[in-house]
Amino acid sequence: AMEGYRGFLGLLVSALLLGFLAVLFTLIWVLHYRDGLGWDGGSPEFNWHPVLTVTGFVFIQGLAIIVYRLPWTWKCSKLLMKSIHAGLNAVALILAIIALVSVFDFHNAKSIPNMYSLHSWIGLTAVILYTAQLLLGFFIFLLPFASPALRAILMPIHVYSGLLIFGIVIATALMGVTEKLIFSLKNPEYSKLPPEAIFTNILGVLILVFGAIIFWIVTRPQWQRPKEPNA
Ligand code: ASC
């Protein structure tokens, strides 16, 4: 069962490092290149949007996806691991919702139109799907009421929709970075590739590679938590 454990640890450390770097780059972006953080209806309020989405929706969701793969948790109860999986996803959802509030509040304070960009369409869809996924997961797999037969039917759908939503979130983050740079970089503009543009393009690459490693880890059959005898 511990087959390929060394490869697992290397990838886990890489994922943690990339995810941490993505959060750090986002903080440096808004604190150093942009107007910092605040809750004032201005750009410091908007800046919570990338910070909270990258922290919650990208990094914490990525960790939630792979918690069952950590070999040292395999002797912990399944219920504990499900609670950690659900808890991390709930934290990620709360951060994503605060991130949405910050951007709507900023738009309304500045009379900027809402929900016209592709980033906003796909991003709001992701939050709605994530909420449905969390509620269904909670009632079907965490609470003890659903039958093993129903769980067995719904588990492949839960896994598929979870990974689909994670992929959608990564794509949405990349669109968000791109549109923010196009909106904000003036003089020199984005096409002149100023230091902020290079720095933030690298942030996008970090987010994508983080997602790629999480996807690899979670799709290795040999790294799955061993099934309980009667589960
Ligand atoms: C659960 C659980 C599993 C799966 C399985 C359905 O709730 O603990 O291992 O669903 O029963 O495939």
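Me: Where does Pro188 lie?
Reply: Pro188 sits in the loop between H6 and H7. Helices here are DSSP runs of H or I with at least four residues, strands are runs of E with at least two, and both are numbered from the N terminus. A word on the source: this is a predicted model, where local features need pLDDT of at least 70 and side-chain atom pairs count only at pLDDT 80 or more, while totals for chains, interfaces and linings use all residues. Residues are numbered from 1 along each chain as its sequence is written.

Me: What makes the peptide bond from Asn187 to Pro188 stand out?
Reply: The bond is cis, and its omega is near 5°.

Me: Why are H6 and H7 called roughly antiparallel?
Reply: The axes of H6 (residues 148–184) and H7 (residues 195–218) cross at roughly 175° and come within 10 Å. Axes are lines fitted to C-alpha atoms, for helices over the stretch in contact, with angles from 0 to 180 degrees between N-to-C directions. Angles over 145 degrees count as roughly antiparallel, under 35 as roughly parallel, 65 to 115 as roughly perpendicular, and the rest as oblique. H6 and H7 are therefore roughly antiparallel to each other.

Me: How many nonpolar, polar and charged residues are in the contact of H6 with H7?
Reply: That contact has twelve nonpolar, three polar and no charged residues. Ala, Val, Leu, Ile, Met, Phe, Trp, Tyr, Cys and Pro count as nonpolar, Asp, Glu, Lys and Arg as charged, and the others, including Gly, as polar. Among the H6 residues that meet H7 are Leu163 and Phe166, and H7 brings Gly204 and Phe215, among others. Two residues are in contact if their C-beta atoms, placed from the backbone, lie within 7 Å.

Me: What makes H1 roughly antiparallel to H3?
Reply: H1 (residues 5–33) and H3 (residues 48–66) pack at an angle of about 175°, with axes 9 Å apart. That makes H1 roughly antiparallel to H3. Their contact has eleven nonpolar, four polar and no charged residues.

Me: Is Gly42 buried, exposed or partly exposed, and what makes it so?
Reply: Gly42 has 13 other C-beta atoms within 10 Å, so it is partly exposed. Gly42 lies in the loop between H1 and H2 (43–46).

Me: What makes the chain as compact as a globular protein of that length?
Reply: The chain has seven helices and zero strands. Its radius of gyration is 19 Å, close to the 17 Å that the globule rule gives for 231 residues, so the chain is as compact as a globular protein of that length. The radius is taken over C-alpha atoms, and the rule is 2.2 Å times the number of residues to the power 0.38.

Notes:
A residue is buried if 20 or more other C-beta atoms lie within 10 Å of its own, exposed if 12 or fewer, and partly exposed in between; C-beta atoms are placed from the backbone.
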